[in-house]
Structure formats: C-alpha cells, structure tokens
Amino acid sequence: QVQLVESGGGLVQAGDSLRLSCAASGRTFSTYAMGWFRQAPGKEREFVASIGWNGNNRYYTESVKGRFTISRDNTKNTVYLQMNTLKPEDTAVYYCAAGPRPYSLMVPTMAPKDLDSWGQGTQVTVSS
C-alpha cells in the first residue's frame, strides 16, 4: 500500500482559495492515478477530482468544475488540489486516495470502498 498525508486545509471565507497537498510514499507513486474525495458531516464520502498517473485524464465532480484544479508532481510524489472561489457547501474533510492498480484510471463513478489507500484527511471549512 501507499501512505498518504494530506495538508493545507483550514478555515476560510466564501470566495477565498486554498491549496491542498497530499504527499505519498510506499509504492511507485508515478504509476498510480490519484484522487481527492470529501466527506461532509452526516454525508457519504464523495468523489471530487482525479488525475491519471501521467497527469492526463483529469476528472471533476460537476459542482467543482471551473473552480478546482487537480495536479501532480511525480518528482515530489505529491498531488495537489487548488480550490478557488470556495463556497460554504465545500465544507468537508478532504481525503486523497490512490488508484487501485498501476496505470488504471480513477473515474468519478469509482466507489470509495474500491480504494484501499487513504490519507487521514484535512478539514476545510468555508464560512459565509
């Protein structure tokens, strides 16, 4: 498995920006798709964005398109989530996850239960 550590969360106001980071170790980071999920209180964990192993094949959930950008730096074993124009409904714990197999995609319909490598999460709170 891969070990994942998220950082960059915090308390911001609506309209502000944050950049989340997820540092990976433990297996060949550059061969795995990576993704971000989030879980709000009382809700299920949901897909936010993913990126292919080579930086291509980016997917976003509809509610964040045009506001969030996922990227990765394979030389640093790190994936990022740039979040702009934040809204109160973006408030959640954000988790990064690694794809289940090398050179496979992480599509938006992939269920969290199908992924076995997760970080501990980072809290993002957006006040109105």
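This is a predicted model: local features need pLDDT of at least 70, side-chain atom pairs count only at pLDDT 80 or more; totals for chains, interfaces and linings use all residues.
Looking along the S-S bond, you will find a torsion of about 45 degrees, so the disulfide is right-handed. The pair links distant parts of the chain, since cysteine 22 lies in strand β3 and cysteine 96 in strand β9, 74 residues apart. The count for the model comes to 1 disulfide.

Next, colour strands β1, β3, β8 and β7, which in that order make up an open sheet of 4 strands with antiparallel pairing. At its edges are β1 (3-7) and β7, each of which pairs on one side only, and from one strand to the next the twist averages 15 degrees. Zoom in on β1 and β3, whose antiparallel pairing runs over 5 bridges; here valine 5 has alanine 23 in β3 as its bridge partner.

Now select Trp36, Leu81, Met83 and Tyr94, the residues that touch the most other members of the largest nonpolar core, a set of 27 residues. Several strands each supply at least two residues of this core, among them β3 (18-25), β4 (34-39), β8 (78-83) and β9 (92-98). Finish with Ala33, Phe37, Phe47 and Met106, which are included in a second, separate core of 7 residues.

Note on methods:
Residues are numbered from 1 along each chain as its sequence is written. Side-chain values use heavy atoms; hydrogens and water are left out. A nonpolar core is a set of buried Ala, Val, Leu, Ile, Met, Phe, Trp, Tyr and Cys residues joined through side-chain atoms within 4.5 Å. Buried means under 20% relative accessible area, exposed over 50%, partly exposed in between (1.4 Å probe, protein chains only). Two strands pair if DSSP finds at least two bridges between them. Axes are lines fitted to C-alpha atoms, for helices over the stretch in contact, and angles run from 0 to 180 degrees between N-to-C directions. A disulfide is a pair of cysteine sulfur atoms within 2.5 Å.
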